[in-house]
Amino acid sequence: MKRFLIRKFRDFGLAVARQFASDLVDFRTGKKIGRALLLPWRGRIHVIGLDEAVQVAFIPQKRLTFWRQEIGFTVHPPSDFPHEPRS
Amino acid sequence: MSRVLNVVLAHTPPAEIARLAAWWGNVAAPESLLLIHGGPEADFPAIAVPNKVHVSSARLKTGDHPRERQSYTEVFAAASEWMKGRDFTHVYFAEFDHLPIVADLGRRQLERLASEKADVLCHGLRRVDDTGWHHYLYHSKAPEFHRHWERISRRADKRVIFSMLGTGSFWMRPAFDAVAAEKEPFPMYLEIYLPTLAHHLGYRVRSFVGEEQWVRNLGCFRGKLREARLAGAWTVHPVKSLEGLRWGGE
């Protein structure tokens, strides 16, 4: 019962957060990779409501700027590793 | 000649397991079905299935599966042990609520495995290392997590970590036996552990592409089996009870 209530409370909180969430776009491909609410808090960025396996990185710049950098998001490409038999 | 063993894990009461075995009878001969029972030991004698094994493991009976790091290591070990001396070439592992809905499931899986040149097919496979994936973050806090994979991996990139939906997976037998033979050095959640272990042992792990809509971690597809079949699905998850359902006439 307690777990059920916690889950319901969490679902409600997430539903509210998603109203204020923004799209996350893969900075390599330009494709949408999810939605999340990003909150800077005490020196960290809290990512709320994201349900994808997303990596974070500073985005390389064409033009050097000393005053502004962007943090972006990306995902691993689909895995396609070959069979590697025991040597 | 390929021969698939269907390993079905269930903890439900004997009457529900009887319905489950009857359902699977539309897909596989009784001798190609192994029931792994994870429920109360007192129920085990009443389970009317020819091939059955009871597994009593605290790592199986978790309430909050990811946080308690539910494990199928003992389930895989029991199935692998049972297969010794039997000529199965492939293993399909499914939880009780992951239902087949096509009669020729094994043939389809074998063809997909061949076309993917894979050793393992699973649902919802994704690479999660160095991402914000919740299960990965939960495991990577421990320093021994990545150290373990670096120690056992035969891959060039030893940092690769996978996650999958653990409800159903199809295996070449050597891959299944190799994974079953490994001891879990410390508790890891099965959805991280199984695909990552198979990968680092050198096996090619691929996803069941196209099945995503009908194989999910939440919800219930009980009233949508016909729709799923018409949409081309091979299996559905979750369907928590078979009571009142009839193969082909749902």
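## Contacts and burial

Two residues are in contact if their C-beta atoms, placed from the backbone, lie within 7 Å. The model is predicted. In chain A, take the contacts between residues at least 6 apart in sequence: 25% of them join residues at least 24 apart.

Burial is a separate count. Of the 87 residues of chain A, 7% count as buried.

## Elements and overall dimensions

Chain A holds one helix and five strands. Read from the N terminus, the order is α-β-β-β-β-β. Chain A is more spread out than a compact globule, because its radius of gyration is 18 Å, well over the 12 Å that the globule rule gives for 87 residues.

The box filled by the C-alpha atoms of chain A gives the extents. Along the principal axes, this box is roughly 50 × 50 × 25 Å.

## The sheet

Three strands of chain A form an open sheet. Their order is β1-β2-β3, and the pairing is antiparallel. At the edges are β1 (22-25) and β3 (44-48) of chain A, each pairing on one side only. From one strand to the next, the twist averages 55°.

## The β1-β2 pairing

How many bridges join β1(A) and β2(A)? Four bridges link β1(A) to β2(A), which covers residues 32-41 of chain A. The two strands pair in the antiparallel sense.

One position can be named on each side. Val25(A) stands opposite Lys32(A), a residue of β2(A).

Definitions and conventions
Residues numbered from 1 in each chain as written. Chains lettered and ligands numbered in written order. Predicted model: local features only at pLDDT ≥ 70, side-chain atom pairs only at ≥ 80, totals over all residues. Rg over C-alpha atoms; globule rule 2.2 N^0.38 Å. Buried ≥ 20, exposed ≤ 12 C-beta atoms within 10 Å, placed from the backbone. Pairing = 2+ DSSP bridges. Axes fitted to C-alpha atoms, helices over the stretch in contact; angles between N-to-C directions.
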